Amino acid sequence: MQTAMYLKHVAQTPFLRGAAALFLCWLLLHIFTISWELPHTMPPEPDGISPKTSLNARGMMAAETFKYPPLQYLIVDALTPDLDEKHMTQEQILENRTLRLKQMRWLTAVMEYLTALLILLFSLKILNLSPFPAFGAALSFLLLPPVLYYSQTTNMDVPYTFWFFASLTSAAFAERAAEHKKIYAALSLLTGFLIACAFCTKDQVYALYLLPAAGFAVWRFRRFRKWSAVLQPPLLWLCTFLPATFFFYLCIGKDTFLPHLKWITGEGSVPFAIAAN
């Protein structure tokens, strides 16, 4: 009886009610449109992950000339089947690649929904907003045209956005638990791991961290008046960021790091250099 009452109480919390409403909105936004331009043997969108079913994570990364880091390829490889296309007919290739494209799109869409949940959680627990504006913030994210488009593709934009928001949420909760040293350390280490996930999905995410990191450093200094307090969180983050980044590249093949580094410092940097001039 007590368990049933507790579960009923939990189900009535603003977060779970908001999460359920967001799920319904998210499902309606995707269930009828997730298959746009399918069937197809290659992603219709620019910069999409190759759906060739004979490619593993390293093969997918190589097919895109190592322009992106390894994490999303590893996740796709783990969650979608690898099938040898050597003896398949053209109809079978089309069918299997279309299935893999659809699975990758749903993976991206799920990460979009999880990002909306993080925004809802952050709004309720960190910003202390009432349920209605907190839900409005999360729903607004789902309805943004770029988010709606990229959540139905195989691009890296929604996945790295998810990891970025996850790391910010983890860092915020760590600061809320600052008086509890073990919880603070655990959440800070988790933050470093999540930053590594974002960085190993798309390198350019570093630019999104610059302004929050600067504001966070100023806030920590004004709060504690000690430089050691400013340096403590980044040092904890590095304790998991570096091993996680190394682990992801080790999983996909350590020989992928240098080609990726060569691309982002060479051919991949040309458009940015032209824009800067």
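**A close look at Leu107**

Tutor: Leu107 touches Gln72, Ile75, Val76 and Leu79, leaving out residues up to four places away in sequence. Contact means heavy atoms within 4.5 Å. This is a predicted model: local features need pLDDT of at least 70, side-chain atom pairs count only at pLDDT 80 or more, and totals for chains, interfaces and linings use all residues. Residues are numbered from 1 along each chain as its sequence is written, and side-chain values use heavy atoms, with hydrogens and water left out.

Where does Leu107 sit? Its place is in helix 5. Helices here are DSSP runs (H or I, at least four residues), numbered from the N terminus. Leu107 is buried, at a relative accessible area of 16%. The cut-offs are these: buried is under 20% relative accessible area, exposed is over 50%, and partly exposed is in between (1.4 Å probe, protein chains only). Leu107 and Val76 are 31 residues apart in sequence, yet 8.1 Å apart in space, C-alpha to C-alpha.

Side chains of opposite charge can pair when their charged atoms come close. A salt bridge is a side-chain nitrogen of Lys or Arg within 4 Å of a carboxyl oxygen of Asp or Glu. By this rule the model has eight salt bridges. One of them joins Glu85 and Arg97, with the closest N and O atoms 2.8 Å apart. Glu85 lies in the loop between helix 4 (71-79) and helix 5 (90-126), and Arg97 lies in helix 5, so the pair ties together parts twelve residues apart in sequence. Glu85 is buried, at 11% relative accessibility. Arg97 is buried too, with a relative accessible area of 11%.

Thr53 meets both partners of this bridge. Its contacts, beyond neighbours within four places in sequence, are Pro81, Asp82, Leu83, Glu85, Met88, Asn96, Arg97 and Arg100. Thr53 lies in the loop between helix 2 and helix 3 (57-63). Is it buried or exposed? Thr53 is buried, at 2% relative accessibility.

Most residues other than glycine have a negative phi, and most peptide bonds are trans. Glu37, in the loop between helix 2 and helix 3, has a positive phi of about 60 degrees although it is not a glycine. Glu37 is exposed, at 51% relative accessible area. A cis peptide bond joins Leu38 and Pro39, with omega about 10 degrees. Asp47 lies in the loop between helix 2 and helix 3, and its phi is positive, near 65 degrees. Asp47 counts as partly exposed, at 35% relative accessibility.

Now turn to helix 6. Its buried residues are Ala134, Phe135, Ala138, Phe141 and Leu142. Seen down the helix axis, they fall within an arc of 120 degrees, so they line one face of helix 6. The arc is that of the directions from the helix axis to the C-beta atoms. What covers these residues includes helix 2 (14-30), helix 5, helix 7 (145-150) and helix 8.

Asp157 pairs with Lys202, their closest N and O atoms being 3.3 Å apart. Asp157 is in helix 8 (residues 157-176) and Lys202 in the loop between helix 9 (181-199) and helix 10 (206-224), so the pair ties together parts 45 residues apart in sequence. Lys202 is buried, at 12%. Another bridge joins Arg223 and Glu175, at 3.6 Å between the closest N and O atoms. This pair links distant parts of the chain: Arg223 in helix 10 and Glu175 in helix 8, 48 residues apart. Arg223 is partly exposed, at 41%, whereas Glu175 is buried, at 11%. Glu175, Arg220 and Arg223 are linked in a network of salt bridges.

The buried residues of helix 9 pack against helix 4, helix 8, helix 10 and helix 11. Among those buried residues are Tyr184, Thr191 and Leu194.

Notes. Helix = DSSP H or I, 4+ residues; strand = E, 2+ residues; numbered from the N terminus.
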